[in-house]
Amino acid sequence: MPCTVVVGAQWGDEGKGKIVDALSAEADLIARYAGGPNAGHSVIFRGKTVVLQLLPSGILTPGRRCLIGNGVVIDLTRLLEEIERLEALGVELRERLGISPAAHLILPYHKAAEQVSEQGPGAIGTTGRGIGFAYRDKASRAGLRVGDLFDPQWALERIERNLERARREFPESQELQTMTGDAILAELAEHARWIEPMVADVSAELHEGLRRGRRVLLEGAQGTLLDLDHGTYPYVTSSASSAAGAPLGVGLGPGVVDRVVGVAKAYVTRVGHGPFPSEMPTAEAERMRAAGEEYGAVTGRPRRCGWLDVPALRYAVRINGLDELVITKLDVLDDFDEIRVAESYVIDGKRREGYPSSTRELARCEPVWRSFPGWKTSTAKVRRWEDLPDRARAYLEWVEESTGVPVTVVSVGAERDAEIRRAVTVR
């Protein structure tokens, strides 16, 4: 495990936080490489559910050095709240946390602009946390980074210029009209005081760690189908959430990655707008949602639910170069009489095995279903592959065969030990 990447193989919410938390025991350095506080990783810690939005999930493993890379966009108010919330639970983390000076900041005008933009006909279903507009400023070379906190005059000039542009673009926002650069700078000055000891050269630290033989774990947010380049555009996030974004988001070369772990639910969920070929009818989705507690960790929004989509999963295997699969929430399917899988699509009357690159084409896809008999028995206490119900094993083995990637871990609950580890040959 010199350098392992954990990536979501669906539309996010696959349970990556629990998997990173488990893998952290085998790592020395854990780094977050993309996204912002629009993603929530839920981890059971001391019997309580802890939702991590910006901190790497490995922060709950004692003694591990955790880093926030240049690819992340940071809302400093939310980061401080998250730190203080964990400290109240007895987690000592400030000396273990490093933050890249090249990470971009989410500022109040980003949030105000995004909230206005989501009110019109072009809404894509974002969380309204300002993530997209922070990445937009980054791409247009107008953003502020963590390192800019320590040059107040330069930061103020940039803030005022960006704020004026936002006012022109969204004149209907009363919040933007009353916002001032001085007030934003004053808030940032407070943040600069507590964050300064944590600012670190993340790229150099990871490079040196790998040179010395230390084990590195790279953690992202969202999932492959929300990747800015390879997801269901425009219903995507604003960053590279696929595995290729991992070394880029922490300042490493791609050659250092030697293992890519894809995390997928035994079914599929997504939030926000966009095509979803294997989406369930309302009543069926409500049953799945209740069984899997499918509500957003950050927003509480009900997730859209569907059966496993194999063309989409094979696409994620290709885009990420997955070496192995972790299947989560198998236990959610325990009470279903029938398990369905979209094994291919029909588009305009023609069968198609692959995943369309066009969102408009994907919206016309009709799934070709394959049915498996349910196992109708609890898997929640199972800890060995051979103890799984025969029908559950058959389902998982079919997923392996269909994707060409071995299933190495099966999660059957939210608790840390609720998983089945399987010794198989990884390509």
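Is R314 buried, partly exposed or exposed? R314 is partly exposed, because its relative accessible area is 27%. The model described here is predicted. A search of the whole structure gives 32 salt bridges and 0 disulfides.

**Salt bridge between E324 and R259**

- E324 and R259 form a salt bridge in which the closest N and O atoms are 2.9 Å apart.
- This pair connects distant parts of the chain, with E324 in strand β14 (residues 324–328) and R259 in strand β10 (residues 259–265), a separation of 65 residues.
- E324 has a relative accessible area of 6%, so this residue is buried.

**Salt bridge between E353 and R314**

- R314 is also the partner of E353 in a salt bridge, where the closest N and O atoms lie 3.9 Å apart.
- Distant parts of the chain are linked here as well: E353 sits in the loop between β16 (350–352) and α12 (359–362), while R314 belongs to helix α11 (residues 310–320), 39 residues apart.
- E353 is partly exposed, because its relative accessible area is 43%.

**Salt bridge between E343 and R370**

- A salt bridge joins the side chains of E343 and R370, at 3.7 Å from N to O.
- The two residues are 27 apart in the chain and link distant parts of it, E343 from strand β15 (residues 338–347) and R370 from strand β17 (residues 366–373).
- E343 counts as buried because its relative accessibility is 18%, and the cut-off for buried is under 20%.
- R370 is partly exposed, with a relative accessible area of 35%.

**Salt-bridge network**

- Salt bridges also link five residues into a network, namely D13, K265, E294, R303 and K329.

**Largest cavity**

- The volume of the largest cavity is about 80 Å³.
- Its lining is made up of Y109, H110, A113, F133, R136, D137, N162, R165, A166, E169 and F170.
- Three helices, α3 (108–117), α4 (131–139) and α5 (152–169), each contribute at least two residues to the lining of the largest cavity.
- Helix α5 gives the most to this lining, with 4 residues.
- By class, the lining of the largest cavity comprises 5 nonpolar, 2 polar and 4 charged residues.

**Second largest cavity**

- The second largest cavity has a volume of about 30 Å³.
- The residues lining the second largest cavity are A9, Q10, W11, L225, V268, D309, A312 and L313.
- That lining divides into 6 nonpolar, 1 polar and 1 charged residues.

**Second largest pocket**

- About 230 Å³ is the volume of the second largest pocket.
- This pocket is lined by 15 residues, and those closest to its centre are Y135, K138, S239, A240 and L248.
- Both α4 and α9 (245–248) supply at least two residues of the lining of the second largest pocket.
- Helix α4 gives the most to the lining of this pocket, with 3 residues.
- The lining of the second largest pocket holds 7 nonpolar, 6 polar and 2 charged residues.

- I59 is located in the loop between β4 (48–52) and β5 (65–68).
- Although in a loop, I59 counts as buried because its relative accessibility is 0%.
- Beyond its neighbours within four places in sequence, I59 contacts L52, C66, L86, V91, L93 and R96.
- D21 is 38 residues away from I59 along the chain, and the C-alpha atoms of the two are separated by 8.1 Å.

**Cysteines**

- The structure has 0 disulfides.
- C305 counts as buried, at 0% relative accessibility.
- C365 is also buried, with a relative accessible area of 5%.

Key
Residues numbered from 1 in each chain as written. Predicted model: local features only at pLDDT ≥ 70, side-chain atom pairs only at ≥ 80, totals over all residues. Heavy atoms only, no water. Salt bridge = Lys/Arg side-chain N within 4 Å of Asp/Glu carboxyl O. Buried < 20%, exposed > 50% of the residue type's maximum accessible area, 1.4 Å probe, protein only. 1 Å grid on protein atoms, 1.4 Å probe; cavity = no way out; pocket = protein on both sides within 12 Å on 5 of 7 lines; lining within 4 Å. Points joined across faces, edges and corners; volume = space filled by probe spheres on them. Nonpolar A, V, L, I, M, F, W, Y, C, P; charged D, E, K, R; others polar. Contact = heavy atoms within 4.5 Å. Disulfide = S-S within 2.5 Å.
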